[in-house]
Amino acid sequence: MSEKKININFNRCIASNNFLKKYNSKPTKFKLILTYDVKNFIIKLSKKAPIELIKPKFNWIKCYEPEDHLDALVKKIIALKILNNNSKILGYSFKDISTVVRFKDNGFKHSRTLDPKKDLKIKSINYGVETIEKHFNNIDFDKKFKNSKADFFIVRHTIEHCYNIKKFLKQIKKVITKKSYVLFEFPDCNRYFKNFDYTMLWEEHTYYFTSETFENFLINNGFKVIFKKNYKYPLENSIVFLVKISNIKINNKLFFKQDKINLLENFKKYKSFLKADIQNTHNIFLKYKKKFPKNIITIYGAGHFTSIFISVYNIQNYIDFIIDDDLKKINYYFPTGKIKIEPSSI
């Protein structure tokens, strides 16, 4: 493995949440570079979208994460008997509210989520995890949580969004004690690489973890794994890690040796397949439109998967409508390709 880094360039990207009111609007384009840092065994965006572009422009934009596994997960954690009725359980963001509620319903009274205004000093009305991270990283938690450290800190579907991930982990360590536990959850990207699926890319995701790369990342940053589990879903699996701070320095250079070889091979294939895949996919739409010029082509769902699909394959000129039944999105233009959003009733 002589390579140090492998880059894949994605041009002409547009923030998928920047819906346009007028067709003649000019959305800002930016470049994303997906990098496999071979030496550090991690995949990330080395060229990111400007943070001001990914901040939500509308208060009706919602994030949805898979939750069917949460009942079983909370039950499993309770069964470990690492918590008691006096344990302080703390959720990081709005994505953790439903997990915190489950703990509260199971008798853990001291369960809450960080308050955006009181705890993080967020004054914005429209914001997402990008704003929460910025404020979280700037709070003096040594002072704020001096006498009330969390025994259990929940961080679901957030770490893959980090712009300053090392500072983020340092801040987490200030919120907890050496005896505390942290629950991380993030999307599993392994299937995307194996299946040459480029819709994995999203300007709001700065890191693309697999179970192995995340465990290596944890070890490098002073955590030890208590348990890990991959919850399977049709679209993308959710990986959960329960960890705590480790005082032992581990030399993990020989860890994941075969996993590193496998990921390098998969990422190389992922990169080499892209050029031909773009051409072939683009030709499918081109040939169809030539053969059936009056036929309408639509894509269902005005979300980030649709955005990157249109962007990667450069097919905006072949799509007549984006179909979405979110009433807030209808009559806007989808930012990627400036395509009109219509309800399924049409």
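Colleague: Are phenylalanine 19 and phenylalanine 334 buried or exposed?

Modeller: Buried means under 20% relative accessible area, exposed over 50%, and partly exposed in between, with a 1.4 Å probe and protein chains only. Phenylalanine 19 and phenylalanine 334 are both buried. This is a predicted model: local features need pLDDT of at least 70, side-chain atom pairs count only at pLDDT 80 or more, and totals for chains, interfaces and linings use all residues. Residues are numbered from 1 along each chain as its sequence is written, and side-chain values use heavy atoms, with hydrogens and water left out.

Colleague: How many aromatic pairs does the rule give, and why is the pair of phenylalanine 19 and phenylalanine 334 classed as it is?

Modeller: Rings of Phe, Tyr and Trp (its six-membered ring) pair if their centres lie within 6.5 Å; planes under 30 degrees apart count as stacked, over 60 as edge-to-face and the rest as tilted. The count comes to 36 aromatic pairs. For phenylalanine 19 and phenylalanine 334 the centres are 6.2 Å apart and the planes stand at 55°, so the pair is tilted. This pair links distant parts of the chain, 315 residues apart: phenylalanine 19 lies in the loop between β1 (5–14) and β2 (29–37), phenylalanine 334 in strand β12. Helices (H or I, at least four residues) and strands (E, at least two) are DSSP runs, numbered from the N terminus.

Colleague: Which aromatic pair is edge-to-face?

Modeller: One of them is phenylalanine 255 with phenylalanine 256, at 6.2 Å centre to centre and 80° between the planes. Phenylalanine 255 counts as partly exposed because its relative accessibility is 34%, whereas phenylalanine 256, at 16%, counts as buried. Phenylalanine 256 is also touched by asparagine 216, where contact means heavy atoms within 4.5 Å. Leaving aside residues up to four places away in sequence, asparagine 216 touches Asn40, Phe41 and Asn252 as well. Asparagine 216 is in helix α8 (residues 211–220) and counts as buried at 3% relative accessibility.

Colleague: Where do charged ends sit over rings?

Modeller: A charge sits over a ring if NZ of Lys or CZ of Arg is within 6 Å of the ring centre and within 35 degrees of the ring normal. The charged end of lysine 173 is over the ring of phenylalanine 223, 5.0 Å from its centre. Phenylalanine 223 belongs to a cluster linked by ring pairs, which also includes Phe184, Phe186 and Tyr207. Lysine 338 has its charged end over the ring of tyrosine 23, 4.8 Å from the centre.

Colleague: In what order do the strands of the open sheet with β12 lie?

Modeller: Strands of a sheet pair through backbone hydrogen bonds, either parallel or antiparallel. Two strands pair if DSSP finds at least two bridges between them. Here four strands form an open sheet in the order β10-β11-β13-β12, with mixed pairing. The edge strands, β10 (298–300) and β12 (333–334), each pair on one side only. β12 is joined to β13 (residues 339–342) by two bridges, and these strands run antiparallel. Tyrosine 333 stands opposite lysine 340 in β13.

Colleague: Why is strand β6 described as largely enclosed?

Modeller: Six of the seven residues of β6 (residues 150–156) are buried, so the strand is largely enclosed by the rest of the structure. Three bridges join β6 to strand β4 (residues 89–91), and the two run parallel. Isoleucine 89 has phenylalanine 152 in β6 as its bridge partner. With β7 (residues 176–187), β6 pairs in the parallel sense over six bridges; there phenylalanine 153 has valine 182 as its bridge partner.
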